[in-house]
Every structure is written in structure tokens, then in C-alpha cells.
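Welcome, and please take a moment to look over the model below. The briefing after it walks through a few of its parts.

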Amino acid sequence: MPQPDFSPAADRNKQPILDVLREVLPERGSALEIASGTGQHVAWFAAGLPHWTWQPTDARPGALDSIAAYAEQQRLTQVRPPLLLDVMAPRWLPDGAKFDLIYCANMLHIAPWATCAALMRGSARHLAPGGVLITYGPYLEDAVQTSEGNLAFDQSLRAQDPAWGIRRREDVEQEAARAGLKLSSRHAMPANNLLLVWARA
């Protein structure tokens, strides 16, 4: 098994996110992770939420080995083999695949805006009754002053790719509403990030 990739940011935020997951989720369930990246999050959450099963995914074929390596290193039997999944695809998984949690961290600001609508539509299709979508990352908010760090981060993202950038929470809410989802709770996180919980309207 090759050495998995490592993200310092994922390592820093994995425990604060897990703390909130423990607050908002039931004791057991099934989870689909969108844009699993290195695999650090899914491995940490699976270890911290032992009665949950996890299906990691990523749009990049090269990420799958790293995701699998983290799960294998920790012998996490509740983490399924990672799947290739592009949120823009019209069909993610078989229609009968339902999850109590769909989790997506740090994707919306490093992807074209169209991925937001696609994430909401796909999540609405695959959420089990009572299930939630959780998104994590930086957001702009109309009633909250943006930190200097996030302003600089937004500028750097747009310089790399004009289609990227930190999204307005209110714009994300509009896309969620079109898919039949609503914001049910907002959690302020370290380093000017937010964890947002979305449920069926």
C-alpha cells in the first residue's frame, strides 16, 4: 500500500469537525463523503464514530489510493472501498443508495459554482428520510464581516482560477432551496470556517 497523501489543513480541522458531528448526528448511520481528498477526514470520523459506515468518494482517480490507505492503516472495517464520483454527473450512485449523512468539506470554493447546485440535487436524491447534508469550509455572509484572511484567500483562489472563490452562504442557501433542502444549523469553526447542516425543507 503506497504512503497516503497528507493535508495539514485536514489534520488541523478533523477534530473540531468530529466534535460537531458528535453533537448533530445520531449514534449510528451510514454516510457518503463527497470529495474525500486525502482520506484523512473519513478515517478520523470512522474511528471517532464507530457505529457509522462510510462511503468515501472523489472525482480524481489518483485520490482513491490515498483514501484506501488511511482506512487500511487503521483497519477501519466500516469504511468501504472509495469510489470515483463526480458531483456534476447526472447519476452518482444507484437510485436506491440512501444515506443518513452526506458530508462535503472544502469543495465549493475550489470548484466551479455549478458544482453547488449539483451537490444539492445529488444530496436530495440520496438522503434517507431524516438524513442531512453537512458542508464545511469558508463562506462569505451578508451580515458577518469577512476576515482579512478569508478576503486574501478568496483573491488567491480567483487568481488561480476565475471559476473558483469563497461562496456566499446566502447563494448556497438558494441552491439548496431549489433542491428541496434548507439550512437547519450553522456552526462557527476555527480559522473562519463554517459547518452547515442542511435538511429537507
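Predicted model: local features only at pLDDT ≥ 70, side-chain atom pairs only at ≥ 80, totals over all residues.

Residues are numbered from 1 along each chain as its sequence is written, and side-chain values use heavy atoms, leaving out hydrogens and water. Helices (H or I, at least four residues) and strands (E, at least two) are DSSP runs, numbered from the N terminus.

- Seven strands form an open sheet in the order 3-2-1-4-5-9-8, with mixed pairing; two strands pair if DSSP finds at least two bridges between them.
- Strand 3 (83-84) and strand 8 (181-189) are at the edges with a single partner strand each, so one side of each has no neighbour in the sheet.
- Strand 1 and strand 4 are parallel, paired over four bridges, and Glu-33 has Tyr-103 in strand 4 as its bridge partner.

**Around strand 9**
- Strand 9 runs antiparallel to strand 5, with five bridges, and antiparallel to strand 8, with eight bridges.
- Strand 8 and strand 9 form a hairpin with three residues between them, where Ala-191 in the turn has a positive phi of about 60°.

**Helix 2**
- Helix 2 (residues 40-48) is also largely enclosed, because seven of its nine residues are buried.
- Among these buried residues are His-41, Phe-45 and Gly-48.

Key
Buried < 20%, exposed > 50% of the residue type's maximum accessible area, 1.4 Å probe, protein only.
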